[in-house]
Amino acid sequence: MTAPAARPSRRRITIGKLLVTPAVLAVLLLTLYLWITHVRLDSIERNSLQGSQVRLYLWQQIELTAVSTFFVLVIALPLGILLSRRFARPAAPFAVALANLGQATPAIGLLALLTFWLGIGARTALVGMVAYAVLPVLSNTMAGLRAIDPAMLEAAKGIGMSPLGVLGRVELPLAVPLILAGVRTALILNVGTGTLAAFAGGGGLGNLITAGITTQRTRVLIVGAVLTVCLALLVDWLASLAEVELSPRGLEVRQ
Amino acid sequence: MAETTAVTATTGVTGATIELEGLSKRYPGSPQPAVDSVSMEIGAGETVILVGPSGCGKSTTLRMINRLIEPTSGRIRINGEDVTDIDPVKLRRRIGYAIQSSGLFPHLTVAQNIAQVPKMIGWGKQRIKDRVEEMLDLVGLDPREFHDRYPRRLSGGQQQRVGVARALAADPPVLLMDEPFGAVDPITRDHLQDELIRLQHELHKTIVFVTHDFDEAIKLGDRIAVLREQSHIAQFDTPEAILTNPADDFVSGFVGAGAALKRLNLTRVRDVGIADFPSATVDEPLQAILAGLRHGGVNELLLLDRRGRPYKWLRRGDLMRARGTLARAGTLVTHTVSRDATLRDALEAVLTDSGGRAAVTGRRGEYVGVVDMETLMDSVHQMLEADRLTALEHQEELLEHERATRPRDGEPQ
């Protein structure tokens, strides 16, 4: 009798979900590699596309994404939780407006402005990226917490949970799906805006793209762009797996 | 009220007394208080139903008992201890709480839901595990089947059972229930009500139960508080007294039509006189049965089967025509009632039976006696009369009490 209950939980991640995206990415990258190693490159292209150089940019891009997402979480999660508490409700519109401002400003303009203020370097790029990606996590955290049936919170309180207990044992687990969706969006945004870090001297795959443009070498640009796209898709795929795995069981089973 | 406490206290009560004293709730910005000075004493092990129209403040009153809503003024005492100012979280862990549509946590399994309160008050793992099994058993759910289920895979009635199990898991002396059966279909609701009665029979908790359904109130309550707006108590009395002697038009309007019929639900067959009736078993020789009929001076008897269960009604004429065998004589007994059946069920059986009487059976279906129309009518009349007298007394007491506490109210005639 317990078997039917256990079966769906074991098969949360389907084989299709697990294999399709990596397979597509592998084909894409292999094609890119074969193409770039079989065409004749001039010296500028060869210089730009040195293996060690590309690896460094790729690693910088990953680092930028990870660090900026980390700070986005550190800022947006507690803020979202705080703003959904009853006493802070009046402040919520202002905070969301501010976060909106961060996202509405064109990222490249924001970075340019920040360079005047903070100078050139990875730090400046990170500040810009964080400002740009706070909104989805913040608004999703708040939406997730607000979507919970007040009667359920009342029940939690009624059986004797402390306010922290209600938050940790009921509210956050129930908001996890929406929060994770926000985090996933932020991650993708960060891979994208990470390419703009090059303008602020922050490194990353943006260097390949800008180099491709300034030296009018389309192949360099294509390598930078394709690698960025692949990285974005890979991150999105990993995030989707995490979303499925971390969402509380019991929320997915509907009658 | 003191008597009720004393009586129930002798029968292994695990509940606690609840005293509300001038409990009020006033929300800022509204001219009228939502609840205006409720005073109520609830005995240990008693089931008290708060019933009233929507918006009368019955839920607010209930939630002030576990201080989900903080009272603006007044005191709450549980088992004599003033809990108005203690830490509300600690208070709530001592009070079971069940609400409409169960309020189960969808991301936790049934077992985890039930384990919440024991976990919070620091029980050991094994003790919690055993308790969860015990609670599932208690509310009639098979632990092996339901232990690891998620609430969304349960029917409404099953969810409600888990909700009650969760409320009772830490064995609180007091159980608050806020329209717990409001969201399930009528048949399931009926089952759940029966279950609750059975549970309360075993556990003797102090239950405060909010509903807007007066029939539910009659069925479950030891006493019923009929509330009007701002939680003013229109009448606080036993179901019998409220049915037979509503305090005013508001209460009688709430009782609705058919009070006498509803009264039948409150009495069991065992409480009225079960009459003897001449009977014989199928094993007795026909001659002996005939002789019995003749000497007893009766025209009819009840034939029992080999296990002593009612089988056939036999008239004198049937016996004459029987010619040595009883196989085709008499009319089969179609309706019997158990001793625990309500008088309403008995009336139903009597009305459908051709002879105007119904056989009463014991626990294993064996014959114990009959009820007929006459007995029913007599006992109902007696009951109504007795109810009326006690209710009058109660009412007088209540009026005196009101006169003493609230002199501005003119008492209704």
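**View 1. Chain B as a whole, with 16 helices and 17 strands in its secondary structure.** Helices (H or I, at least four residues) and strands (E, at least two) are DSSP runs, numbered from the N terminus. This is a predicted model, in which local features need pLDDT of at least 70, side-chain atom pairs count only at pLDDT 80 or more, and totals for chains, interfaces and linings use all residues. Residues are numbered from 1 along each chain as its sequence is written, while chains are lettered from A and ligands numbered from 1 in the order in which they are written. The C-alpha trace of chain B spans about 85 × 60 × 35 Å along its principal axes. Of its 413 residues, 41% count as buried (20 or more other C-beta atoms within 10 Å of the residue's own, with C-beta atoms placed from the backbone).

**View 2. The two domains of chain B.** Domain 1 covers 2-256 and domain 2 covers 270-376, with bounds from an automatic or database domain assignment. Their C-alpha centres lie 44 Å apart.

**View 3. Where chain B touches chain A.** Here 24 residues from chain B meet 23 residues from chain A, a contact being two residues whose C-beta atoms, placed from the backbone, lie within 7 Å. On the chain B side, helix H3 (88-93), strand E6 (95-99), helix H4 (110-120) and helix H6 (143-146) each supply at least two residues. That side divides into 10 nonpolar, five polar and nine charged residues. For these classes, Ala, Val, Leu, Ile, Met, Phe, Trp, Tyr, Cys and Pro count as nonpolar, Asp, Glu, Lys and Arg as charged, and the others, Gly among them, as polar.

**View 4. A helix pair in chain A.** Look for H9 (residues 163-194) of chain A and H11 (residues 218-246) of chain A, whose axes come within 9 Å and cross at roughly 170°. Axes are lines fitted to C-alpha atoms over the stretch in contact, and angles run from 0 to 180 degrees between N-to-C directions. H9(A) is therefore roughly antiparallel to H11(A) (an angle over 145 degrees). The contact has 13 nonpolar, three polar and three charged residues; among them are A:Leu180 and A:Arg184 in H9(A), and A:Leu231 and A:Asp236 in H11(A).

**View 5. The largest nonpolar core.** A nonpolar core is a set of buried Ala, Val, Leu, Ile, Met, Phe, Trp, Tyr and Cys residues joined through C-beta atoms within 7 Å. This one has 126 residues, and those touching the most other members include A:Val134, B:Ile49 and B:Ala225. Helix H7 (residues 122-146) of chain A gives the most to this core, with 13 residues.

Terms used
Angles under 35 degrees count as roughly parallel, over 145 as roughly antiparallel, 65 to 115 as roughly perpendicular and the rest as oblique. A residue is buried if 20 or more other C-beta atoms lie within 10 Å of its own, exposed if 12 or fewer, and partly exposed in between; C-beta atoms are placed from the backbone.
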